[in-house]
Each structure stands twice: as structure tokens, then as C-alpha cells.
Amino acid sequence: MDITFKDKVALVTGAAGGIGLAAARMFAEAGASVAMADVDFHVIEHAKELENEGYDTIGIKCDVSNEAQVKMMVEKVVEVFGQLDIAYNNVGIHAAVREDLALTEGWDFDRVIAVNLRGVWNCMKYELIEMKKQGKGAIVNCSSQGGLVGIPCIGAYNASKHGVLGLTKSAALEYARQGIRINAICPGTCETPMVKQAIEQSPEHMERVIDAIPLGRMGKPEEIAAMVLLLCSDYAGFAIGQTWTMDGGYTVQ
């Protein structure tokens with residue numbers, strides 16, 4: 001299966017590391033012009049590295065929880081590349097692990113919802129404005145295995161990721177007849193900076209989660225990114241509003 005994105009423009013958020021960085025590189029290798037966005041300034045360096053390798057990339061610093069910044073991000077993509085064909089809304093942060101939901105801080109709940117759920121809404125809003133002009137496009141939103149099942153001690157995270165799936169399904173139905181396909185991906189625990197930080201902060205909790213993966217290992221960013229590319233390609237042209245799970249079997253237990 002030869003997936004190509006020649007003459008296409010892709011926007012990847014959360015592209016400073018992990019799955020986002022892997023997806024940005026794979027889109028570039030498949031021929032797309034790629035806008036890489038992240039609140040982490042290192043995204044600029046990564047975009048430059050890809051550019052130095054001969055790929056057509058730009059880096060944009062953006063906090064997806066800030067609607068004004070997201071609007072400027074999308075406008076920048078169109079200003080530089082002239083269009084927007086593909087978006088992978090990948091940004092996500094972890095919630096503080098709390099053994100007791102009643103001990104969760106309100107500010108932590110609000111922060112996770114602002115980034116993981118409102119951030120996806122912000123991005124889709126302005127991506128869809130551009131895609132509607134073209135009458136076509138493909139969007140993949142990043143949920144999580146925590147968007148499919150309950151995982152103790154991270155209620156805020158689970159709530160945000162469940163919300164991403166509901167938002168994806170609703171938007172997919174609204175835009176299907178307008179030539180825009182919207183789907184979601186649910187990665188399991190992967191070898192990413194976010195998971196590394198979670199392991200450092202809550203080793204016992206993360207050990208339980210990792211031990212419960214039937215495959216016996218964490219996922220690799222490239223494994224998730226490959227599915228994102230497939231969903232954005234013409235090979236997935238009949239996929240609308242679906243949830244694609246890549247979790248080593250975690251949610252089928």
C-alpha cells in the first residue's frame with residue numbers, strides 16, 4: 001500500500017515529541033508539506049531539522065487551549081502553504097494521579113479539559129473553516145484508551161478523552177456531506193515524553209497500567225502515527241466518525 005500526500009498540506013499539533021513528531025516526519029516523508037505546532041518551543045527546532053533534510057516544514061509555537069493562538073496558527077499554515085488538507089489534533093496532557101477523586105484539584109481538572117478537549121474543539125473550529133472553503137479534508141483527533149474505558153485515579157483525563165470521541169462523532173456527521181472526513185484514534189500507553197513523565201511522577205500507578213497490556217509492552221510512536229496516516233489517506237475514504245484503537249489489547253480485556 002503506497003500512501004502518498006504529494007501536493008497536500010498537513011497540520012500536526014503536539015509535534016515537539018512522541019506521536020506528534022513521529023506523525024509529522026511520516027507525513028513529510030510521504031510528500032506532504034507539514035506544519036508542526038506545539039506549546040514547546042522545541043517544535044521550531046524539529047521543523048528546522050526536517051527542513052534541513054529536504055522536507056517542506058514549518059514550526060509554530062501554539063497553546064491549543066488558547067483559541068486566539070489556534071486561529072493564528074491555522075491562518076499561518078494557509079499563509080505559508082496556501083491550503084490545509086489534513087489535520088492531526090494530537091495535543092494531550094496527563095492529569096495528576098489521585099487515588100481518591102475527591103482529592104482532585106479543580107485547577108488540575110480545568111487544565112486537562114482545557115487542553116485535551118477544548119484544545120481539540122479550538123483546532124477543529126479553525127481547521128474546518130479552511131477545509132469547507134476547499135470542499136474536502138481529513139481530520140484525526142487523538143483520544144486515548146482512557147476515552148474508551150474507565151481507568152482509576154485519572155478521572156479528569158478519562159473525562160477529557162471520552163469527550164473527544166463524542167465531539168468527533170458529532171462533527172463527523174455534520175461534515176460528511178461536505179467532503180470532510182473526521183475520525184479519532186485511541187492510543188494505548190506508548191513510549192512518549194508524556195508517559196515518561198507520568199511514570200516518573202506516579203510509578204506504581206503506571207506500572208499497573210503497563211502490566212495490564214496483553215501484548216506485554218508499550219506502543220511505539222511510529223505505530224500510532226502509521227494509523228493516523230492511513231486514516232488521512234484515500235484508502236480510508238469510507239471511514240467517517242470512527243474510533244480506531246491501538247492499545248496492545250488493553251481495552252479488549
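Predicted model: local features only at pLDDT ≥ 70, side-chain atom pairs only at ≥ 80, totals over all residues.
Let's start with the strands. An open sheet is built from 7 strands with parallel pairing, and their order reads β3-β2-β1-β4-β5-β6-β7. The edges belong to β3 (57-61) and β7 (243-246); each has a single partner strand, so one side of each has no neighbour in the sheet. From one strand to the next, the twist averages 15 degrees.

Within this sheet, β5 (residues 137-142) and β6 (residues 180-187) run parallel and are joined by 6 bridges.

Helix α5 (residues 155-175) lies across β5, β6 and β7, and runs at about 160 degrees to β6. Helix α8 (residues 221-232) also packs on the sheet, where it touches β4 (86-89), β5, β6 and β7. The direction of α8 makes about 165 degrees with that of β6.

## The α6 and α7 pair

Now to a contact between helices. Helix α6 (residues 193-201) packs with helix α7 (residues 203-211) at an angle of about 125 degrees, and their axes are 5 Å apart. That angle makes α6 oblique to α7.

Which residues meet in this pair? From α6 come V195, A198, I199, E200 and Q201, and they meet P203, M206 and I210 in α7.

Conventions: Residues numbered from 1 in each chain as written. Heavy atoms only, no water. Axes fitted to C-alpha atoms, helices over the stretch in contact; angles between N-to-C directions. Helix = DSSP H or I, 4+ residues; strand = E, 2+ residues; numbered from the N terminus. Parallel < 35°, antiparallel > 145°, perpendicular 65-115°, else oblique. Contact = heavy atoms within 4.5 Å. Pairing = 2+ DSSP bridges.
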